[in-house]
Structures are given as structure tokens and as C-alpha cells.
Amino acid sequence: MGILLNGSVLGQLENNVWYFSPTNSGILFNFGTNIPSVVTGHSPLTSLHGCGIDTNPSTGAVMFYTDAVKVFDATNMQMPNGTGLSGGVSCAEKGNIVQIPGSCNRYYLITNDANSPTSGNLKYSIVDMNLAGNGSASNPLGDVESATKNTLITSNSTESFTIVRNPTGSNYW
């Protein structure tokens, strides 16, 4: 079973939905009532561990999610270019999503294929929510940019990693 706690503690609705793998169940944390509820209906995730999910910080609506092998849009459809990501099936933290600093609609999707005790590859792909994907030009649902798919960051990663926004908010550590 995998859970993603993406980023830090936030006052907005950015982390109010968690999806579990390999089921199609999750939890919605309602911060207004402090009562969590079960959510279903998203595509089953193939991973055994950490998955990534990105939600709208104002509304809490799911924008896209990943098991680090496939990427799904808000309608639970696989993004057209959302296959073939290089996340490992049994890696403890295989996928994480962070917004590109200075961009409202582009996100780094970081994947990891390490499998203890061997090291692995940490890679990134960019998801652009301005791309039509399974939507339309007037109602885009996003897609993975082909030119950045599986770009190597390092070939010496461990099974777990975290991403922290620096104090100025201009980049991540």
C-alpha cells in the first residue's frame, strides 16, 4: 500500500486527497469538518509503494496523479503521453510531483527506480496542464511533455527521496 505526502504542511487544499495503490480507493481529508471520507473511482495504481497526486490548491480537486509508470488526468484517463515513465514497481518513494517555480501550470514529475540494496535512477518529466491531452484546447486536461520525458537527474539514487521548497520559494532542494 502506498501513500504520498507531497511537500510540506499547507494551509490550502493541496494535500487533502491521498490515493492508495494498488486499489482504486483513497481518502479525502475535509479540513472544514475535520472528517475524512473514502473516495473511489480513480484508476487503480500498479505500484506497491509511494504514488504522486497533485490537487488544485484552491479547490482541492485532483488535477493529475501517477504511479511513476503511468500518469492519469482529472477524469481518471491515462494522459496520451503518460506511459513509459521509469519509476520502479517496488521503490519506496517512486514518484513525487512539484510545481515548477514561476509557473502556474507546469509540474516536475520526479520518478525513482532504485530497488534496495542497489541504487537507481532519479529522473524527471514535465507535465504541462496547458496541453489538451484528453481534453480540448478550451478545456485542457494536461499531458507529459515528450521532450522532457524520463530526463536523468542522477544515476545514484536510493529508494526514498523527498523534495523541499527552499525558503525563498524560488526552487527546491
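This is a predicted model: local features need pLDDT of at least 70, side-chain atom pairs count only at pLDDT 80 or more; totals for chains, interfaces and linings use all residues.
View 1. Ala68 is located in the loop that joins β5 and β6. Its phi is near 75 degrees, which is positive although the residue is not a glycine. The two flanking strands form a hairpin with 4 residues between them.

**View 2. Pairing of β5 with β6.** Strands β5 and β6 run antiparallel and are joined over 3 bridges. Thr66 has Val71 in β6 as its bridge partner. Thr66 is also listed among the contacts of Val71. Strand β6 covers residues 71-73. All of β5 is covered: 5 of the 5 residues in 62-66 are buried, so the strand is largely enclosed by the rest of the structure.

**View 3. Pairing of β4 with β5.** Strand β4, residues 52-55, pairs with β5 in the antiparallel sense over 4 bridges. Ile53 stands opposite Tyr65 of β5. The two strands form a hairpin, with 6 residues between them. Gly60 lies in that turn and has a positive phi of about 80 degrees. Met63 is in contact with Asp54, Thr55 and Asn56, among others.

View 4. Which strand holds Val71? Val71 belongs to β6. Val71 is buried, because its relative accessible area is 0% and the limit for a buried residue is under 20%. With neighbours within four places in sequence left aside, the contacts of Val71 are Phe64, Tyr65, Thr66, Met77, Gln78, Met79, Gly82, Leu85, Leu109 and Val144. Val144 is 73 residues away from Val71 in sequence, and the C-alpha atoms of the pair are 8.0 Å apart.

**View 5. The largest nonpolar core.** How many residues make up the largest nonpolar core? The core has 11 residues in all: Met63, Phe64, Val71, Met79, Leu85, Ile97, Tyr107, Leu109, Val127, Met129 and Val144. Strands β5 and β8 (106-112) each supply at least two residues of this core. Beyond its neighbours within four places in sequence, Met63 is in contact with Asp54, Thr55, Asn56, Asp73, Ala74, Tyr107 and Met129. Of these partners, Tyr107 and Met129 are listed in the core as well.

View 6. Gly87 is in the loop between β6 and β7 (95-99). Is Gly87 buried or exposed? Gly87 is buried, with a relative accessible area of 11%. Asn112 is 25 residues from Gly87 along the chain, and their C-alpha atoms are separated by 4.8 Å.

**View 7. Asn76 in the β6-β7 loop.** Asn76 is found in the loop between β6 and β7. Its phi is positive, near 70 degrees, and the residue is other than glycine. Asn76 has a relative accessible area of 25% and is partly exposed.

**View 8. Whole chain, for orientation.** The protein chain has 11 strands and 0 helices. From the N terminus on, the order of elements is β-β-β-β-β-β-β-β-β-β-β. Of its 173 residues, 41% count as buried. The chain exposes about 8500 Å², and carbon and sulfur atoms supply 56% of that area. Among contacts with a separation of 6 or more, 49% involve residues 24 or more positions apart.

**View 9. Confidence along the chain.** The average pLDDT of the protein chain is 76, and 63% of the residues score at least 70. Where is the confidence lowest, and where is it highest? The lowest mean, 57, is in strand β1 (residues 17-19), whereas the highest, 98, is in strand β10 (residues 143-144). Over residues 1-11 the pLDDT is below 50. In the model this stretch still has 31 contacts beyond near neighbours in sequence.

Notes. Residues are numbered from 1 along each chain as its sequence is written. Side-chain values use heavy atoms; hydrogens and water are left out. pLDDT is the predictor's confidence in each residue, from 0 to 100. Contact means heavy atoms within 4.5 Å. Buried means under 20% relative accessible area, exposed over 50%, partly exposed in between (1.4 Å probe, protein chains only). Two strands pair if DSSP finds at least two bridges between them. Accessible areas come from the Shrake-Rupley method with a 1.4 Å probe; for residues, only the protein chains shown count as cover. A nonpolar core is a set of buried Ala, Val, Leu, Ile, Met, Phe, Trp, Tyr and Cys residues joined through side-chain atoms within 4.5 Å.
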